Amino acid sequence: MKLTVWTYEGPPHVGAMRVATAMKDLHYVLHAPQGDTYADLLFTMIERRNHRPPVTYTTFEGRDLGEDTAGIFKTTCQDAYDRFKPQALIVGASCTAELIQDDPGGLAETMDIPVPVIALELPSYQRKENFGSDETFYQIVRHLAQPLPRTPEVSVNLLGPLALGFRHRDDIEEVKGLLYEMGIGVNVVAPFDATPEDITRLGAAHANVLMYPEHAETAARHLERICGQPYTKTVPIGVGATHDFVAEVAQLCGVEPRKDLSRLRQPWWSKSVDSTYLTGKRVFLFGDATHVKAAARIARDEMGFEVVGLGCYNREFARPIRALAKEFGVDALITDDYLAVEQAIAEAAPEMILGTQMERHIGKRLGIPCAVISAPVHVQDFPARYSPQMGWEGANVIFDTWIHPLVMGLEEHLLAMFREDFEFHDEAGPSHHGGHAPRSSDIGGPAPQSPRDISETEKQTHDGTGSDVMIWLADAERELKKIPFFVRGKARRNTEKFAADQGLTEISIDTLYEAKAHFAR
């Protein structure tokens with residue numbers, strides 16, 4: 001663990017919270033001190049949930065450490081059961097409470113609680129949030145699911161969707177639609193909206209659809225071993241992956257791979273004039289492994305982009321991401337340090353970023369358009385509208401989401417070409433970077449102060465080489481501004497490097513073109 005401004009994953013007990021919050025009639029008793037009680041903040045503010053998460057804290061204080069904190073836990077556990085009457089309890093400790101070694105699981109076993117009590121062993125100082133969600137769901141399944149006779153009709157379980165997930169609610173509906181077209185029923189969806197009683201019925205399905213491996217792969221493997229249920233390996237994000245998913249499910253369930261493509265518009269749009277001028281764009285991908293793997297395939301095979309960098313923050317999936325990166329001819333970035341991600345993006349100088357909310361902020365700092373493809377996400381990524389990532393409609397949504405920032409970038413370049421025009425002067429600022437437009441009170445008066453724009457970011461590089469050591473002559477500076485903003489930073493750095501190698505201290509328009517010719521070879 002380390003102290004940081006941003007974090008891709010919280011401690012593992014946050015993953016357990018996500019499972020508990022997604023389910024019904026399950027309660028989480030968390031042994032935690034004052035200060036670790038932030039579940040309400042996570043779920044009611046970010047995901048806009050209309051009810052509080054089912055988490056009860058012991059909330060011990062510093063003065064309690066010299067007394068019986070184990071007694072505090074047992075009292076809290078009994079009170080939580082008496083108040084909420086859940087079908088099952090899960091119990092565990094937060095990262096801070098883990099240090100006092102009270103053993104919540106062992107304490108709960110000594111109590112006479114008439115429902116299943118599932119102890120969670122989540123090593124807070126070795127593992128993180130996605131491990132916590134995967135392990136929690138696995139323990140719930142291990143304790144409650146048993147082999148059962150198969151349902152009369154062909155059915156599957158949908159495993160993995162949970163709280164704070166990226167479009168999980170809508171992905172469920174889209175996958176259900178894909179299955180319905182093939183005559184396959186849905187036995188249980190879990191953890192999302194499932195009860196502990198529903199978990200006991202998992203064994204009746206013919207197979208499992210693993211929607212999000214980060215959250216349910218261990219449980220899927222357990223069900224395959226105990227209940228003889230095979231599970232899918234393809235995640236249906238993108239047109240190609242959805243075709244593959246339909247074929248895989250049909251084979252597992254012994255049905256015809258029927259498809260209704262009437263709602264799929266992505267192939268038509270991707271061939272239209274509106275998108276063909278965007279092909280060949282250089283993109284950098286970063287997020288959770290599932291969405292990065294899907295996005296890489298979509299970017300290369302369906303959008304015609306060039307992947308210049310990719311990586312993930314969950315180390316449990318480092319091996320498949322490294323294999324994927326090798327396939328794309330790039331080096332995989334496996335890290336949870338957003339500063340390392342920012343540096344890698346700056347060095348790659350892509351024209352677009354596909355990432356998390358962290359990369360959205362990084363894109364703003366570097367002046368690079370960004371589309372969010374993965375958790376962690378902010379409140380704006382929980383739209384009220386139907387906006388899946390999976391299935392045919394998901395392919396449409398992804399196309400729109402990715403094209404939007406590029407179209408805005410193209411618009412910005414066109415505006416920059418007319419930067420001397422009275423309407424599109426520099427002081428107006430980039431239209432797609434909020435808060436830059438001049439106030440109406442400034443119109444007609446002195447020109448407003450130019451906001452910090454992309455060109456300011458371009459003047460700084462990670463190795464300390466910047467335009468402060470070079471003098472850019474006016475004609476060269478004007479010519480540089482004609483270069484699209486999303487590659488202007490790289491052009492500036494290359495030109496300055498070329499000039500430094502030539503022993504120059506001034507950059508003229510001739511130097512700019514000589515540098516361009518040099519790096520084009």
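**View 1. Three strands form an open sheet in the order β6-β5-β7, with parallel pairing.** Two strands count as a pair if DSSP finds at least two bridges between them. Helices (H or I, at least four residues) and strands (E, at least two) are DSSP runs, numbered from the N terminus. Because β6 (185-190) and β7 (207-210) stand at the edges with a single partner strand each, one side of each has no neighbour in the sheet. Neighbouring strands here are turned by 25° against each other on average, direction ignored. This is a predicted model, where local features need pLDDT of at least 70 and side-chain atom pairs count only at pLDDT 80 or more, while totals for chains, interfaces and linings use all residues. Residues are numbered from 1 along each chain as its sequence is written, and side-chain values use heavy atoms, leaving out hydrogens and water.

**View 2. Strand β5 (residues 155-159) runs parallel to β7, joined to it by four bridges.** Look for Asn157, which stands opposite Asn208 in β7. Helix α6 (residues 168-181) packs on the sheet and touches β5, β6 and β7; contact means heavy atoms within 4.5 Å. The direction of α6 makes about 160° with that of β5. Axes are lines fitted to C-alpha atoms, for helices over the stretch in contact, and angles run from 0 to 180 degrees between N-to-C directions.

**View 3. Helix α12 (residues 289-302) meets helix α13 (residues 318-328), their axes coming within 10 Å and crossing at roughly 15°.** That makes α12 roughly parallel to α13 (angles under 35 degrees count as such). Among the residues in contact are Val292 and Arg297 in α12, and Leu324 and Phe328 in α13.

Notes:
Angles under 35 degrees count as roughly parallel, over 145 as roughly antiparallel, 65 to 115 as roughly perpendicular and the rest as oblique.
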